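I opened a new page for this model. These are the entries, in the order I looked things up.

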Amino acid sequence: HSSVIGAILGVIVALILGIMNSCDCYSEHGWLLYCFSSSYISTVHHPSYFAGFILITVVAAWYGRFAHWKGFTNWTVSIYSVLGIGFYFLCLTLAGILFFGILIAGIIIYYSIRKFGFKLTIPLGIVVIFLMMITAYNLPWFEKDIKTTTASYENFMDDPQSFLIGKVGEEEIPGNQIRIIMWAVTTELIMEHPFGVGTG
């Protein structure tokens, strides 16, 4: 109970710091969406991690509501949930939004199976996934992120060595490409040393 309250307070403090940072950015540059999203709204953590913390605390808050914890009323939990989910999306993290979409689809399918059975749930599941894909591809920044990630993955799969060598010496490498490089190098290390390389 107290650990959940601590986590929620931590998220609220991080949100306040993010809002202050975003206001400074906006007063200097005047860019509304740019300043109130991504790393500007999430100054303490990487936006993907912060989105994770927000979602975990929202779920924990609802658990506290149903467990009748003191202070976890419909009003307090609903207000925190609305604020939390709003800031969750302002983090503009592809991983976070994909996870949220999968989570919502899973919940809908789960309750559909319980109420209507498998026969009606399968077409409903297809419709839900189709609607999610249409929504994703109609959000400009989200579509751009998906295309960039897909292009990086395809370039890597076409010629992994050229992809890795081509990145040597580049000053700025996009985050999604850095992940591909790290996964590829880690896989090579594991293949070369399946029992590890020891400390240090």
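Entry 1, a helix. I began with helix α4, residues 47-66, in this predicted model. I read 20 residues for α4 and a reach of 29 Å from its first C-alpha to its last, close to the 28 Å expected at 1.5 Å a residue. I then listed the buried residues of α4, among them Phe50, Ile54, Leu55 and Val58. Arg65 is also on that list. I checked what covers these buried residues and found that the cover includes α1 (2-29), α3 (38-41), α5 (74-90) and α6 (94-116). After α4 I noted His68, which has a positive phi, near 60 degrees.

I went to Ser42, in the loop between α3 and α4. I put Ser42 down as buried because its relative accessibility is 4%, under the 20% cut-off. Its side chain reaches the backbone oxygen of His45 at 2.7 Å. Leaving out residues up to four places away in sequence, I found Ser42 touching Pro47 and Phe50.

I counted 1 disulfide. It joins Cys25 to Cys35, with 2.0 Å from S to S. The angle about the S-S bond is -55 degrees, so I recorded the link as left-handed. Cys25 lies in helix α1 and Cys35 in helix α2 (residues 32-35), so the pair ties together parts 10 residues apart in sequence. Both cysteines of the pair, Cys25 and Cys35, are buried. Cys23 is in no disulfide, and the nearest cysteine sulfur, that of Cys35, is 9.4 Å away. I have Cys23 as partly exposed, at a relative accessible area of 37%. For Cys91, the closest cysteine sulfur is in Cys25, 15 Å away and too far for a bond. Cys91 counts as buried, at 0% relative accessibility.

Technical notes: Residues numbered from 1 in each chain as written. Predicted model: local features only at pLDDT ≥ 70, side-chain atom pairs only at ≥ 80, totals over all residues. Heavy atoms only, no water. Helix = DSSP H or I, 4+ residues; strand = E, 2+ residues; numbered from the N terminus. Expected span 1.5 Å × (residues − 1). Buried < 20%, exposed > 50% of the residue type's maximum accessible area, 1.4 Å probe, protein only. Contact = heavy atoms within 4.5 Å. Polar contact = N/O pair within 3.5 Å; in protein donor to acceptor, adjacent residues only side chain to side chain. Disulfide = S-S within 2.5 Å.
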